[in-house]
Structures are given as C-alpha cells and as structure tokens.
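Please work through the exercises below with the sequence and the coordinates at hand, and try each task before reading its solution.

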Amino acid sequence: MYEGHFWGMHWIWWILWIILIFWIFATPWSIPGQRKKNDSPLEILKRRYASGEISTEEYQERKQLLENG
C-alpha cells in the first residue's frame, strides 16, 4: 500500500532527535535551572579583591589563612 514512501520522513525524525539530544548535552551555554559549580573560597576572595571590596592587606591575610587551613 505505501511502497516505502515514508522511509524518508522516518530518517528525518531520527536526525532531528539526534540533533536535539546533542544540543541538550553539548551546548556550552548555561541553561536556566542547571546546576552550577560552586566557587571556592579563594575564588570568592580574589573576586572581592578585584572589585575593591577589601584592601590588599586584608586580601593577603585571608589568602594566607585559606592556604594554611
């Protein structure tokens, strides 16, 4: 009855599913609701120092405390 005319559409759907799955798992962009890696205390300290929230002396004190445990 159909003589295989719908096989082309069948392959298109498989290709679309593969592209969709690849896009979901391989995109480098952050997706809303996705878990994010927590920043380490040292990274937070560096960010605060770079933005001018803390002084150089305070940065060095806290950095030494973090590094020594």
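**Exercise 1: an aromatic pair**

At 31% relative accessibility, Tyr49 counts as partly exposed, in a model that is predicted.

Task: Determine how the rings of Tyr49 and Tyr59 are arranged, and say where in the chain the two residues lie.

Solution: Begin with the count, which comes to one aromatic pair for this chain. The ring centres of Tyr49 and Tyr59 are 4.4 Å apart and their planes meet at 20°, so the pair is stacked, given that planes under 30 degrees apart count as stacked. The pair links distant parts of the chain, with Tyr49 in helix 2 (residues 41-51) and Tyr59 in helix 3 (residues 56-68), ten residues apart. Finally, Tyr59 has 12% relative accessibility and therefore counts as buried, because buried means under 20%.

**Exercise 2: the whole chain**

Task: Describe the fold pattern and the surface of the chain.

Solution: The chain has three helices and zero strands, which read along the sequence as α-α-α. Buried residues make up 6% of its 69 residues. The accessible surface comes to about 7000 Å², and 63% of that belongs to carbon and sulfur atoms.

Conventions
Residues numbered from 1 in each chain as written. Predicted model: local features only at pLDDT ≥ 70, side-chain atom pairs only at ≥ 80, totals over all residues. Heavy atoms only, no water. Helix = DSSP H or I, 4+ residues; strand = E, 2+ residues; numbered from the N terminus. Buried < 20%, exposed > 50% of the residue type's maximum accessible area, 1.4 Å probe, protein only. Areas by Shrake-Rupley, 256 points an atom, 1.4 Å probe, with all protein chains shown as cover. Phe/Tyr/Trp six-rings, centres within 6.5 Å; stacked < 30°, edge-to-face > 60°.
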